[in-house]
Amino acid sequence: MEIIRTIARLCEWREQAGKTAFVPTMGNLHEGHLALVERAAQEAPNVVVSIFVNRLQFGQGEDFDRYPRTLEEDAAKLRDAGVTVLFAPDESELYPQVSQQYQVEPPNLQNELCGAFRPGHFRGVATVVAKLFHIVMPDVACFGKKDYQQLMIIEGMVRDLNMPVQVVRVDTGRAEDGLALSSRNRYLSSSERAEAPRLYRVLSETAAALRAGARDYAALEREAAAQLQQHGWTVDYVEIREADTLNIARVGTPRLVVLAAARLGNTRLIDNIELEIAV
């Protein structure tokens with residue numbers, strides 16, 4: 001595995017490389033990231049993984065400065081996984097002008113769900129992913145379904161801007177107790193970690209109710225949020241949306257996704273479950 005720090009060297013490598021799959025990350029890698037790498041290896045003989053903690057997607061008061069930087073450990077994991085190139089640029093390499101004057105502006109979906117609580121987050125995500133796509137020039141890029149809203153925004157960006165990249169969706173990686181794998185899980189105390197799987201259980205119960213015929217979506221959302229609040233969670237949202245568009249779900253739509261974001265202490269967790277119902 002070659003570790004590349006500069007755009008110029010990556011472009012040199014890319015000129016000689018064949019079909020390439022790409023996994024963009026912010027590092028602090030866990031089994032969920034490695035599942036993306038495994039899927040990328042199925043898509044192309046060359047796998048590029050980027051590690052870059054992107055300042056643009058962190059809001060005021062969020063955890064940019066304390067976000068874990070574990071490059072040496074991450075590089076060892078990627079080497080063991082057979083990755084071809086690790087692209088790990090410094091901030092000055094990716095943002096040479098310090099501030100990014102030209103940014104990618106997603107549609108209004110960026111202001112809903114997580115975007116309502118993290119203003120500017122998805123603008124930062126779309127901007128850095130667009131930059132990385134232009135630099136890496138992948139044929140395929142793999143993204144996890146845990147960040148469902150992010151996935152939909154990236155797919156829309158690729159479609160609307162005619163980017164020659166195939167976006168591959170990869171199922172959410174989970175611990176044995178159902179907790180979605182996330183770099184932020186390490187912020188949980190032992191008691192919070194024991195409580196954290198409740199988020200997935202509550203979403204599963206909501207999905208089961210939908211499959212059983214419940215159609216009062218607002219009531220289901222309120223009930224799920226109340227269950228979490230009763231156990232000490234601070235709930236940002238629990239919502240039932242149309243899986244293919246993330247529009248507010250209408251009765252009669254067969255493909256749905258139940259999404260939630262909530263905090264345990266200072267740690268914000270997100271999760272979702274896709275499902276199909278009879279109409």
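User: Contact means heavy atoms within 4.5 Å. In this predicted model, what do the buried residues of α1 pack against?

Analyst: By that criterion, the buried residues of α1 pack against the strands β1 (2-4), β2 (20-25), β3 (46-51) and β4 (85-87), and also against helix α6 (121-136). The buried residues concerned are Leu10, Trp13 and Arg14, in a helix that runs over residues 7-16.

User: How do you know on which side, or sides, of α1 the buried residues lie?

Analyst: Leu10, Trp13 and Arg14 are the buried residues, and they cover an arc of only 100 degrees around the axis, which puts them on the same side of α1. An α-helix has 3.6 residues a turn, so residues three or four places apart point the same way. The other side of α1 carries Ala8, Glu15 and Gln16, which are exposed.

User: What makes the buried residues of α3 a face of that helix?

Analyst: In α3, which spans residues 71-80, Asp74, Ala75 and Leu78 are buried. Viewed down the helix axis, the buried residues of α3 fall within an arc of 100 degrees, and therefore they line one face. The face turned away from this buried side carries the exposed residues Glu72 and Asp80, whereas the cover over the buried residues includes β1, α2 (31-43), β3 and β4. Just after α3, Gly82 takes a positive phi of about 80 degrees.

User: Why is Asn185 called buried?

Analyst: Buried means under 20% relative accessible area, and Asn185, with a value of 15%, is therefore counted as buried. Asn185 is placed in the loop between β6 (166-170) and α8 (190-195), and, with residues up to four places away in sequence left out, it touches Leu179, Ala180 and Leu269.

User: What makes Val129 buried as well, and which residues does Val129 touch?

Analyst: Val129 lies in helix α6, and its relative accessibility of 6% is set against the limit of under 20%, so Val129 counts as buried. When residues up to four places away in sequence are not counted, Val129 touches Phe143, Ile154 and Met157. The C-alpha atoms of Val129 and Met157 are separated by 9.6 Å, although these residues are 28 residues apart along the chain.

User: Why is Arg55 called partly exposed?

Analyst: The partly exposed class takes values between the buried limit of under 20% and the exposed limit of over 50%; Arg55, at 42% relative accessibility, therefore counts as partly exposed. Arg55 is found in the loop between β3 and α3, where it touches Phe64 and Glu91, again without counting residues up to four places away in sequence. Between the C-alpha atoms of Arg55 and Asp147, which are 92 residues apart along the chain, the separation is 18 Å.

User: What makes the phi values of Asn28 and Met137 worth a remark?

Analyst: Most residues other than glycine have a negative phi. Asn28 has a phi near 55 degrees, which is positive in a residue other than glycine, and Met137 likewise has a positive phi, near 55 degrees. Asn28 is in the loop between β2 and α2 and is buried, with a relative accessible area of 6%. Met137 is in the loop between α6 and β5 (140-144) and, with a relative accessible area of 46%, is partly exposed.

User: How do you know how compact the chain is for its length?

Analyst: The chain has ten helices and nine strands. Its radius of gyration is 19 Å, close to the 19 Å that the globule rule gives for 279 residues, so the chain is as compact as a globular protein of that length. The C-alpha atoms fill a box of roughly 55 × 40 × 35 Å along the principal axes, and buried residues make up 55% of the 279 residues. Of the contacts between residues at least 6 apart in sequence, 70% join residues at least 24 apart.

User: How far apart are the mean positions of the positive and negative charges, and what share of the accessible surface belongs to carbon and sulfur atoms?

Analyst: The chain has 31 positive and 38 negative charges, and their mean positions are 1 Å apart. The accessible surface comes to about 13,200 Å², and carbon and sulfur atoms account for 47% of it.

Key. Residues are numbered from 1 along each chain as its sequence is written. This is a predicted model: local features need pLDDT of at least 70, side-chain atom pairs count only at pLDDT 80 or more; totals for chains, interfaces and linings use all residues. Side-chain values use heavy atoms; hydrogens and water are left out. Buried means under 20% relative accessible area, exposed over 50%, partly exposed in between (1.4 Å probe, protein chains only). Helices (H or I, at least four residues) and strands (E, at least two) are DSSP runs, numbered from the N terminus. The arc is that of the directions from the helix axis to the C-beta atoms. The radius of gyration is taken over C-alpha atoms; the globule rule is 2.2 Å times the number of residues to the power 0.38. Accessible areas come from the Shrake-Rupley method with a 1.4 Å probe; for residues, only the protein chains shown count as cover. Lys and Arg count as positive and Asp and Glu as negative; His and the chain ends are not counted. The place of a charge is taken as NZ of Lys, CZ of Arg, CG of Asp or CD of Glu.
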